[in-house]
Amino acid sequence: MGAFTRAVRNLSRRKMRALLVIIALGFSMAIMVSIPAGIVANQEAAQAMTADFNSTMTTMQEQINKTATLIECQTSGQGMFSGRPFEGLQQQQTYMEESIANEIRSISGVKDVVEFLTVSSDETTSETINGPMGRNFTISRPVYTITGVTLNPSFIDDYSILPTNITAGRNLRQGDSGVVLLNSNLTAYFGVGVGDKVEMYGESFTVVGVYDEAGQGRFETRSAYVNITDAQTAAGLTGNVSRLDVYAEDVSDVDSIAEVISAAYTSLQVTTYKDRLSQLDNMQTMYTQTLTSAQATVSNTETVATQEIMIAVVATSLIVLFVMLYTVRERTKEIGTLKAIGFSNWNVMSQFMLEGMLLSLVAGVVGIAIGTVGAPLLSGILLPQISPFGSGGNSQFRPGAANTGNFGSFGILGASTVTVTPSLQTMLIAIGAAVLLGALGSLYPAWRAARTRPAEAMRYE
Amino acid sequence: MSETVLRTEKLFKTYEMGKRKVPALYDLNLQVNKGEFVAIMGPSGSGKTTLLNVLGCLDKPTSGKMILDQVDVTNLPERQLYKIRRNKIGFIFQTFNLLPYLNAAENVGLPMEYGKRSKSERRQEARRLLDLVGLAGRGEHRPQRLSAGEQQRVAIARALANDPAIILADEPTGNLDTENKFEIVKLLGNLNIERGTTIVMVTHDGHVASHSERVLFLKDGKITKEKKGLHLAKKKLACPYCGSKIQPTDERCPTCRKKLVAAEEEESI
């Protein structure tokens, strides 16, 4: 039976008061626990964004370099929204005559012209996308997008016109007809595997292989590759293509070839590496803005957090102070008695310090529990959040040329799911802070208790 | 001449009420010998509580001298006084002043807590003291489970805890019914006789005071009168005049009809 037991019994004697205080203190403590976690989460989000931006930029730069001789010619409807995340969003797709390819082939300096036909299913699905900060939006998009390619072995080798990440079966090859290469999202959607038959555009195709989409966009793309003639037949677009990839013999020819094509076919959108580079520049600018905004948020977070923690600290100490002052007042006679029967000032003081510290220790544990469970919510309320869409909060990404494939896969679109988990270190610090604040708050009340005149024991009220 | 346990010389205590000075103790000289059972009577405002506060080192006199167990405690600082209170004085209060969240044994053990005894020794001693006051086996009970008389017994056991030189009792029967009142006085009397415990008891009940050896009358902060008590406990509840058997509650001897009360309450008012 020591001071500790007495402290425990005293706290449990007035359960309601102890409970209310513990809840009040607990929330202060929860703020202290969840805020550092929120800061860390924001820092991590900012770092992840930076890393994502950098790797995307590098990849794009590499691809642009690799495809320096490429001149893209597209019909309207593609381009602006042809990046992976937005694939299939365009409604008005127009096509061009296949004969244009032959005409372009005859332009001097042209090495190869690769034909593509990309068509989207008429059928659509309606999907809810998780936006940043819990905002959702619903989109309607085609069930699938089929790209028909010319299965010329040298095209396949030189220009990477087909996906490379085959996870099952085989890739398409020259002479394939009536077969399809599906991405894993689409096999999952259809519930088929290699060797099964799927019906697309009313035609039956045998699945020969499955590939994985590189990168992870917000949208689960559902795409397929077939022989271009199969695509034309199925879509009823015989003799039509949607895109031509024109390759120049030499980089120095690119500008002149592009000029000739633009002049001859005004309806085509012609882009060269220079356009792509300038697109990249634009992206770079937007990325930088977003990053700056994220960094600003992080530093703002720290300022806000410091203020909020200060408030929580002061609130905690004040709560302990008032509760302990009240307790001391209420127990004047008891304190007088203890002193009358031989307790020293220090014995009395340490008794009340112990009670205050114990109270806040329990509150600290409760607070950590609340803080851990409620950290995402609390830090969401208390701290500014990083928006992956930049300061404006609107989607401004224009992912660029379609043929360069991976351009659309911006990890950043998925970066808004930050996990806010208080670390063990934070918890231990919070417990320490709780006890310290308890001690701080009960210092004056305990001193008052110690100063109680022993003659108070004789008061008969 | 027996040993003096408590002695005061020219004790003054003055309270200041605004600009007026109110004397609570006025040139008070008192001597209590070892093994004595002294009762102090007086009307309200006579300075009883003030005297007990000063004797119990709960308050300091304005002037004068007080010697307790050969130690001049008059000017001791608080850092030494608490030890005097702990080891030399046992306090019994009118309202028992037990800690409600501790059981009887724990309450008895409180004054020993910061002493030299080990935990098990303290527990053993608490049990022994509870036996002594007739509460064997009730150590686990919290105060609210005990009757008023039992609570005061616990308080007496607590007062005995560090084997103090003197027990100071402030109206120990003030909150008790007649039956319990005499049980408690009897217990104090027995402790005095059997253990030689020195007791100073403040009361305004003449009947209770008559159980002591010596009754001092306090008026306006001074001892105005002193009477020999009947010390009924010492006489094993026999009439001091005719020797016949009496009950502790008897106000007159049933045989010889002589008064067994030391002083009428009215007398002191």
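Chain B has 8 helices and 10 strands, counting DSSP runs numbered from the N terminus, with helices being H or I of at least four residues and strands being E of at least two. This is a predicted model, where local features need pLDDT of at least 70, side-chain atom pairs count only at pLDDT 80 or more, and totals for chains, interfaces and linings use all residues. Residues are numbered from 1 along each chain as its sequence is written, while chains are lettered from A and ligands numbered from 1 in the order in which they are written.

**Chain B overall**

- Of the 269 residues in chain B, 49% come out as buried. Buried here is 20 or more other C-beta atoms within 10 Å of the residue's own, exposed is 12 or fewer, and partly exposed is in between, with C-beta atoms placed from the backbone.
- Take the contacts in chain B between residues at least 6 apart in sequence: 66% of them join residues at least 24 apart. A contact is two C-beta atoms, placed from the backbone, within 7 Å.

**A sheet in chain B and the helix across it**

- In chain B, 4 strands make an open sheet, ordered β2-β1-β4-β5, with antiparallel pairing. Pairing takes at least two DSSP bridges between the strands.
- At the edges sit β2 (20–33) and β5 (71–72) of chain B, each pairing on one side only.
- Strands β1 (residues 4–17) and β4 (residues 63–68) of chain B share 5 bridges in the antiparallel sense. If you want a spot to look at, B:T8 stands opposite B:M66 in β4(B).
- Helix α1 (residues 48–55) of chain B lies across β1, β2 and β4 of chain B, at about 60 degrees to β2(B). For such angles, axes are lines fitted to C-alpha atoms (for helices, over the stretch in contact), and values run from 0 to 180 degrees between N-to-C directions.
- α1(B) is mostly covered, with 8 of its 8 residues buried; among them are B:K48, B:N53 and B:L55.
- After α1(B) comes B:C57, which has a positive phi near 60 degrees.

**Where chains A and B touch**

- The contact between the chains draws on 21 residues from chain A and 24 from chain B.
- On the chain A side, α1 (3–13), α9 (332–340) and α10 (345–382) each supply at least two residues.
- α9(A) gives the most to that side, with 5 residues.
- By class, the side of chain A that touches chain B has 9 nonpolar, 7 polar and 5 charged residues. Nonpolar covers Ala, Val, Leu, Ile, Met, Phe, Trp, Tyr, Cys and Pro, charged covers Asp, Glu, Lys and Arg, and the others, Gly among them, are polar.

**Strand β11 of chain A**

- Strand β11 (residues 223–227) of chain A is mostly covered: 5 of its 5 residues are buried.
- β11(A) pairs with strand β6 (residues 145–149) of chain A in the parallel sense, over 5 bridges. One bridge there links A:T145 with A:S223 of β11(A).
- β11(A) is also joined to strand β8 (residues 179–183) of chain A by 2 bridges, and these two run antiparallel. A:L181 has A:Y225 of β11(A) as its bridge partner.

**Helix packing in chain A**

- Helices α8 (residues 273–330) and α11 (residues 424–450) of chain A pack at about 25 degrees, with axes 8 Å apart. That makes α8(A) roughly parallel to α11(A), because angles under 35 degrees count as roughly parallel, over 145 as roughly antiparallel, 65 to 115 as roughly perpendicular and the rest as oblique.
- The axes of α10(A) and α11(A) come within 7 Å and cross at roughly 150 degrees, so α10(A) is roughly antiparallel to α11(A).
- α10(A) passes α11(A) in a right-handed crossing, and the contact residues divide into 21 nonpolar, 8 polar and 1 charged.

- A:A18 sits in helix α2 (residues 15–66) of chain A.
- A:A18 is partly exposed because 18 other C-beta atoms lie within 10 Å.
- Leaving out residues up to four places away in sequence, A:A18 touches A:L11, A:S12 and A:L359.
- A:A18 and A:A363 are 345 residues apart in sequence, yet 9.3 Å apart in space, C-alpha to C-alpha.

Notes: Left-handed = near helix turned anticlockwise from the far one by under 90°.
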